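Me: I have a model open and want a quick tour. Can you walk me through it?

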Amino acid sequence: MVDQEQYVQYRDDSKVLAAIGAHVDAQVGRVTVRLPRTVAEAAMDAWERDELGGRAPETHEEYMQRDRAAELAFIGLAISERGRREGEEVVIDLDVASAGAALRASQ
């Protein structure tokens with residue numbers, strides 16, 4: 001029964017985190033980042049890649065990898081729509097959620 005009580009608390013904590021996220025989104029929205037051209041091109045390649053076939057049952061690790069790949073593809077879409085080259089870099093205004101996903105993946 002203790003486990004159930006913990007998950008009620010986790011659910012409540014998750015709601016508070018979501019409320020903080022709503023305030024962050026309202027205040028920040030997008031952040032400007034500079035990416036090396038090769039990294040930006042790899043992100044755009046992820047957006048343009050076709051995913052064929054269905055998905056088999058997956059482990060938590062496989063789910064996390066697929067979720068990160070999807071985040072990368074969305075960043076690639078943003079780069080293709082709004083990115084601008086400056087020398088060997090690409091400057092892009094990323095949604096704060098995408099920037100956060102990239103930051104979490106780096107940690």
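The chat below covers the sheet, the helices, the core and the aromatic pairs.

Me: What kind of model is this, and how are residues numbered?
Reply: It is a predicted model, where local features need pLDDT of at least 70, side-chain atom pairs count only at pLDDT 80 or more, and totals for chains, interfaces and linings use all residues. Residues are numbered from 1 along each chain as its sequence is written, and side-chain values use heavy atoms, with hydrogens and water left out.

Me: What is the strand order in the sheet?
Reply: The order is 1-3-2, in an open sheet of 3 strands with antiparallel pairing. Strands are DSSP E runs of at least two residues, helices are H or I runs of at least four, and both are numbered from the N terminus. Two strands pair if DSSP finds at least two bridges between them.

Me: Which strands stand at the edges?
Reply: Strand 1 (30–36) and strand 2 (84–86). Each has a single partner strand, so one side of each lacks a neighbour in the sheet.

Me: How many bridges join strand 1 and strand 3?
Reply: 7 bridges, with strand 3 spanning residues 89–95. Proline 36 stands opposite glutamate 89 in strand 3.

Me: Which strands does helix 2 touch?
Reply: Helix 2 (residues 37–48) touches strand 1, strand 2 and strand 3. Contact means heavy atoms within 4.5 Å. Its direction makes about 110° with that of strand 1. Axes are lines fitted to C-alpha atoms, for helices over the stretch in contact, and angles run from 0 to 180 degrees between N-to-C directions.

Me: And helix 3, where does that lie?
Reply: Helix 3 (residues 60–82) lies across strand 1, strand 2 and strand 3, at about 115° to strand 3.

Me: Switching topic. How many residues are in the largest nonpolar core?
Reply: 10 residues, among them Leu35, Ile75, Ile92 and Leu94. Such a core is a set of buried (under 20% relative accessible area) Ala, Val, Leu, Ile, Met, Phe, Trp, Tyr and Cys residues joined through side-chain atoms within 4.5 Å. Helix 2, helix 3 and strand 3 each supply at least two residues of this core.

Me: What does leucine 94 touch?
Reply: Its contacts include Val31, Val33, Ile75 and Ala99, not counting residues up to four places away in sequence.

Me: How many aromatic pairs?
Reply: The structure holds 2. Ring centres must lie within 6.5 Å; planes under 30 degrees apart count as stacked, over 60 as edge-to-face and the rest as tilted. Tyrosine 7 and tyrosine 10 have ring centres 5.0 Å apart and planes at 85°, so that pair is edge-to-face.

How values were computed:
Buried means under 20% relative accessible area, exposed over 50%, partly exposed in between (1.4 Å probe, protein chains only). Rings of Phe, Tyr and Trp (its six-membered ring) pair if their centres lie within 6.5 Å; planes under 30 degrees apart count as stacked, over 60 as edge-to-face and the rest as tilted.
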